Amino acid sequence: MRLFAVGLSLVLAASAVVSCSEEKEHPAPAIHDRDSVSVMVSYGVNTLVSDSGVIKYRIVTERWDVNQVRQPSRWTFIKGIFLEQFDEKFHVEAYIQADTAWYYDKMKLWELRGRVRVRNVKGLIFRSEELFWDGITHEMYSNKFSTLITPERTLEGTYFRSDEHMTHYTVSNSQGSFVKSDMEGGQSAPADSSAAADSAVAPPPLRPAATPRAATSRAR
């Protein structure tokens, strides 16, 4: 009986060893690279942003991610954004909104995607799926199909370029409706703007390509 008990113990011990040797490991997922982690994430943002001591715009967004490690460094507005653009006297010049936006802070370059809408105080309305706003050259441009509506006319084209106030603009490869005076030799554009249809002007070269990808704050 004692021999049987010893034998049974040895069999159970061997089975335990075999069972342990066959267990599979379940490691936790690898930690993401440090350059993929935002240094700050803010929710429910409504704030003023200045540049060189001058208030440039108001930002309203559900989520604002700031990442200063990724190259180029950027702010990300994955939940959409609404901007109020101000002049030097803090007067509202335009309203801008988009489904998604990135601001490359070192380059001073905005990239707006999705349902991009712009309206300035003079009644001009811009609609597209893409808009770049260059804070160094003070230009806005798009290589996507765009619609530009002014009190005088409606223009549509595959290339758009303008100053950042949208008072002087170009729409190329375009089609649109014009007021009667335009067809009879009248002034073809308001005194403070210019529109070009089927223009031969080449698009300006984009600055170094940036890969797309801030009130309660969470720091990491």
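Strand β9 and strand β12 (residues 159-163) pair in the antiparallel sense over four bridges, where strands are DSSP runs of E with at least two residues, helices are runs of H or I with at least four, both numbered from the N terminus, and two strands count as paired if DSSP finds at least two bridges between them. Within this pairing, S142 stands opposite F160 of β12. The model is a predicted one, in which local features need pLDDT of at least 70 and side-chain atom pairs count only at pLDDT 80 or more, while totals for chains, interfaces and linings use all residues. Residues are numbered from 1 along each chain as its sequence is written, and side-chain values use heavy atoms, with hydrogens and water left out.

On the β8 side, strand β8 (residues 125-134) runs antiparallel to β9 and is joined to it by three bridges, with D134 standing opposite E139. Four residues lie between these two strands in their hairpin, where H138 takes a positive phi near 60 degrees. In a regular strand the side chains alternate between the two faces of the sheet. Strand β9 (residues 139-142) is covered on both faces, since E139 and Y141 on one side and M140 and S142 on the other are all buried, buried meaning under 20% relative accessible area, exposed over 50% and partly exposed in between, with a 1.4 Å probe and protein chains only.

Another buried residue is E111, with a relative accessible area of 4%; E111 lies in strand β7 (residues 109-120). The side chains of E111 and R113 are joined by a polar contact of 2.9 Å, that is, a pair of N or O atoms within 3.5 Å, of which, within protein, one must be able to donate a hydrogen and the other to accept it, residues adjacent in sequence counting only if both atoms are side-chain atoms.

As for confidence, the mean pLDDT (the predictor's confidence in each residue, from 0 to 100) is 75, and 63% of the residues reach 70 or more. Over residues 2-6 the pLDDT is below 50, and this stretch has zero contacts (heavy atoms within 4.5 Å) beyond near neighbours in sequence. Where pLDDT is low, the predicted coordinates should not be read in detail.
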